Amino acid sequence: FQGVLCHPGVGEPVPRSGPHHAPRHLRPGRDFSHFLLPTLRAPLTKRSLSKDSAEYRLRRERNNVAVRKSRDKARRRIQLTQQRAMQLQEENQKLQMRIGQLTQELDTLKHILSQRHMPGSEEGAAGESRI
């Protein structure tokens, strides 16, 4: 039944026809040379343009515009990255300060707690009875 499509439930084979029913990769007129390694491709024929021609000037102008656009985009990306790095450094500095404050507070609370639980300490015993 190659080249024939069966509809479920009907049971009658329907023949395929027309160029759109062949798998896309087997259709005539398809060029797959761009998938080949550069050494296996046919060499590209480079059409030489006179530097005085209008087409050459137009291509050069388009290329110059594209280069400018690309470089501007790269500069913007670098600038944004630098700004983000500075923001992260500031945030990191603030977080480090907060860590220092919390560590100091933790040490103070540990010291207070250790003073309250020392054996023989009247203040600690009286404090516990109040809790």
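Q: How do you know that Arg75 and Asp72 are about one turn of the helix apart?
A: In this predicted model, both residues belong to helix α1 and sit three residues apart, which is about one turn.

Q: What makes the contact between Arg75 and Asp72 a salt bridge?
A: Their side chains meet with N and O at 2.9 Å. The cut-off is a Lys or Arg side-chain nitrogen within 4 Å of an Asp or Glu carboxyl oxygen, so the pair qualifies.

Q: Is Asp72 buried, partly exposed or exposed, and what makes it so?
A: Asp72 is at 34% relative accessibility. Buried is under 20% and exposed is over 50%, so Asp72 counts as partly exposed.

Q: How many salt bridges does a search of the whole structure find?
A: Two. One of them joins Arg59 to Glu55, with the closest N and O atoms 3.0 Å apart; the limit is within 4 Å, so this pair qualifies. Arg59 and Glu55 are four residues apart in helix α1, and therefore separated by about one helical turn.

Q: Why are Arg59 and Glu55 called partly exposed?
A: Arg59 has 44% relative accessibility and Glu55 has 33%.

Q: Which residues form the positive surface patch?
A: Lys69, Lys73, Arg76 and Arg77 form it. Lys and Arg count as positive, which explains the name. Arg77 has its place in helix α1, residues 54-116.

Technical notes: Residues numbered from 1 in each chain as written. Predicted model: local features only at pLDDT ≥ 70, side-chain atom pairs only at ≥ 80, totals over all residues. Heavy atoms only, no water. Patch = residues over 30% accessible without salt bridge, like charges linked within 9 Å, V, L, I, M, F, W, Y side chains within 5 Å. Areas by Shrake-Rupley, 256 points an atom, 1.4 Å probe, with all protein chains shown as cover. Charge placed at Lys NZ, Arg CZ, Asp CG, Glu CD. Helix = DSSP H or I, 4+ residues; strand = E, 2+ residues; numbered from the N terminus. Buried < 20%, exposed > 50% of the residue type's maximum accessible area, 1.4 Å probe, protein only.
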